[in-house]
Amino acid sequence: MKTKPVNSNEAIWRDIYSQSRIPEQLKHLQEVATNLWWVWNHEGANLFKKLEPAVWEETQGNPVALLQRISRERIEQILNDDELMSKINRVYDTYKAYMQEEFDRAKPSVAYFSMDYGLTNVLKIYSGGLGILAGDYLKEASDSHVDLVAVGFLYRYGYFTQSLAMDGQQIANYEAQDFTQLPITQMLDENGDPFMLEVPYPERTVYVHVWKVHVGRVPLYLMDTDIPENSEWDRSITHQLYGGDWENRMKQEYMLGIGGILMLNRLGIKKQVYHCNEGHAALINVQRLLDYIQHDHLEFDEALEVVRASSLYTVHTPVPAGHDYFDEALFGKYMSGFPARLGISWQEFIDMGRENPGSSERFSMSVFALNTCQEVNGVSRLHGKVSQQMFAPVWKGYFPEELHVGYVTNGVHMPTWMAKDWKIHLFKLFEPSFLHDQSNPHIWEAIQQAPDSEIWEIRRKLKNRLVEYIKIDYRDNWLKNQGDPSKVVSLLEKINPNALLVGFGRRFATYKRAHLLFTDLERLSKIVNNENYPIQFVFTGKAHPADGGGQGLIKHIVDISRRDEFLGKIIFLENYDMRVARRLIAGVDVWLNTPTRPLEASGTSGEKAEMNGVLNFSVLDGWWYEGYREGAGWALTDKRTYDNQQYQDQLDAATIYHILEHEIIPLYFAKNSKGYSPEWIQYIKNSISQIAPHYTMKRMLDDYINGFYSKLANRVKTLSDNNFAEAVSIARWKREVAACWDSFTVELLQYDDAVHPVVGEDNTVKVVIDRGQLKCMMGVEMVYTRENPDRHELEFVSATPFRLIREEGSKLYFELKNKTAEFGRLKVGFRVYPVNEKLPHRMDFAYVRWI
């Protein structure tokens, strides 16, 4: 038998990409589509949706992908639709008018560095709160006319897409982004070829493409290493956000810091202030130091004065374990070449990242940021205090309360997170200047005059939209996971738009305590199955793939939600992203937050809910610690009753049940003949008027400008003028003081330990210091402390400076006359420090000797 001859070889396939050709009359649409202005201007998003509603939904609201897919027939229809063409032109005119507004040159210019940015769900370069905050910041900078440039990464896979297996286990799917379908623009060189940045890594060069995101008037430059010029080892640098091992994290932070500054240099971009959003960006100051040393011929310590004076570090993490630490060997693998170029030793360099110089501690990006940034801030009032405690070991000789570490409480970009229905209503109700003066509480007071029925109608519409979304999402995911079709029908029937709806959406870290509601299932069952007062809970959130505890919480909640008594009463929505968040924070009635105090640095999901008339029910932690107002929401105390966390959890859970049963549910269902509770509406009005204006991104950005940016811009100018004369002078002074610090002697400390001071009576203390070889002025303080028996440590009470009476040669004569104001058992100490009025604060040169 003859063998049949092979008459075909293997098929050869070539990748092609076909897309619609947009006619000249509609070219404006492409310009608007590639500027994220449309994200927070609802007329822009509504326009794209109107062009092709089905495709808009298929692309998850991506105008670039929509324009690529729009059919020829639909294009012809649009061109022949006079009303739609008129709307296109109106939207474009509004956009162009916005873009032509100038930056406010009275506000400092800023370079902003962050690992992630949450700008829109279609650009997957964010994971959670920190990234979304950064995205909101860029939007508000654009709205507020701030000359700001931002730097980050264009991740090929971004953060993961979440789905749930039928057993409730989280499945993390990393889906590659198609950059050609995103609202981004690739940077080109003068020849029209892709802009290629060369970043020197140890023994090799890593090549980088750069993409630009137009965030209104603000440019965001994203670095991309996933290109053929790099090895597979280096292409992965920009593959995943918060993924990979510690070496990949080191490579990423090297790229963000060193590569980020090299990129701005190549683009010719210089700013007055450099802002590190978390310690991930700390290495920007290595390259900045190098630039001043190489191009301006400064010595290392002189360059450090200039870099510090123009740098701000914002910390978002409330515990030391949340910061990035690198073993010396790994850190040295990537950074060992820098000390020689900086003119310092390896020991001096790595000690800049250690709380205890000379020790064998791992290198801390946060400590390096503290040592190279003049200003530091936490992200809420309480977190500012927590950060002072956390960073106190860096400045020995001072107590946490004395540190320069400040705070700016986080806010949210109101135009992004406030539902269109609310925006339309408030723009009619409030003053015309509202958008530009949105953090003015006086303007928001007008909500108190709004008819209750109008408030209720907006809330009802938003809630119904959420319920419809839940039903569609739940049904699709249930069937996708091969769930019983008959069961999903029964479940959907139980989702009640007339029920009190409570939302919980956030990252599933164990300290967020998503499990708290499920502490007493019998009591919870009685609450959710009361037919007279129906209540339902909607949960959503992702756990990091390496966080087994967080994933276990998700499975636990999903398992409970599938029990008969909780079916349709406890709901878990998959794949928490910005689209899900916008629906949830606008559609629920109550926003629940139950973190372990004081581990919530700020939290912003509750602030987003505030913008939509949703009432907060939260532990007094993070932003709610300062935001809570009686009659405008509910709070669990910030005080701990038990040291045992399990007992504390049980108490907090019982408190949640009690407040639900006796306050929240009765208030909501105290309905009048019109179908709503006037008392509930009053809570909404109080919440909007008394809380919302204080937590806008406008207020937050103003706080950064007034509290940090202006101060930094002014000081760095002073230090840089006249060929850096002031920076050189301060650096020389610090060198001289450091070299001779041990040479001064205390000739007299006239204080009688045996005499106990009497409150209200005068006390006089005298000190005489011989400066020895020191030429600087010195200061002396009397410091009172008190023992804290619970924490077994000294607590700061007060510090009172002595008055310099006279100066004779090298001797300084000090005297302190004061009235004792503190009662009880105290400890007193005396502290000497160098004085230089040109320093921004004492931590800038934290030399101290106790005498």
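## Helix pair H11 and H12

A crossing of two helices is left-handed if the near helix is turned anticlockwise from the far one by less than a right angle, and right-handed if clockwise. The crossing of H11 and H12 is right-handed. The model is predicted: local features need pLDDT of at least 70, side-chain atom pairs count only at pLDDT 80 or more, and totals for chains, interfaces and linings use all residues. Residues are numbered from 1 along each chain as its sequence is written, and side-chain values use heavy atoms, with hydrogens and water left out.

Helices (H or I, at least four residues) and strands (E, at least two) are DSSP runs numbered from the N terminus. Axes are lines fitted to C-alpha atoms, for helices over the stretch in contact, and angles run from 0 to 180 degrees between N-to-C directions. The axes of H11 (residues 284-295) and H12 (residues 300-309) come within 9 Å and cross at roughly 125 degrees. H11 is therefore oblique to H12 (under 35 degrees is roughly parallel, over 145 roughly antiparallel, 65 to 115 roughly perpendicular, the rest oblique). In this contact (heavy atoms within 4.5 Å), H11 supplies Asn285, Arg288, Leu289, Tyr292 and Ile293, and H12 supplies Phe300, Ala303, Leu304, Val306 and Val307. Eight of these residues are nonpolar, one is polar and one is charged (Ala, Val, Leu, Ile, Met, Phe, Trp, Tyr, Cys and Pro count as nonpolar, Asp, Glu, Lys and Arg as charged, the others, Gly among them, as polar).

## Helix pair H21 and H25

H21 (residues 452-480) and H25 (residues 578-587) have axes that come within 8 Å and cross at roughly 135 degrees, so H21 is oblique to H25. This crossing of H21 and H25 is left-handed. Arg459, Leu462, Lys463, Leu466 and Tyr469 of H21 meet Val580, Arg583, Leu584, Ala586 and Gly587 of H25; the contact divides into six nonpolar, one polar and three charged residues.

## Nonpolar cores

A nonpolar core is a set of buried Ala, Val, Leu, Ile, Met, Phe, Trp, Tyr and Cys residues joined through side-chain atoms within 4.5 Å. The largest has 172 residues, and Leu51, Leu148, Leu220 and Met335 have the most contacts inside it. Helix H30 (residues 697-740) gives the most to this core, with 17 residues. A second, separate core of 94 residues includes Trp417, Phe508, Phe566 and Leu615.

## Arg217

Arg217 lies in the loop between strand S7 (204-215) and strand S8 (218-224). Arg217 is buried, with a relative accessible area of 9% (buried is under 20%, exposed over 50%, partly exposed in between, with a 1.4 Å probe and protein chains only). Beyond four places in sequence, the contacts of Arg217 include Tyr98, Glu101, Asp143 and His145.
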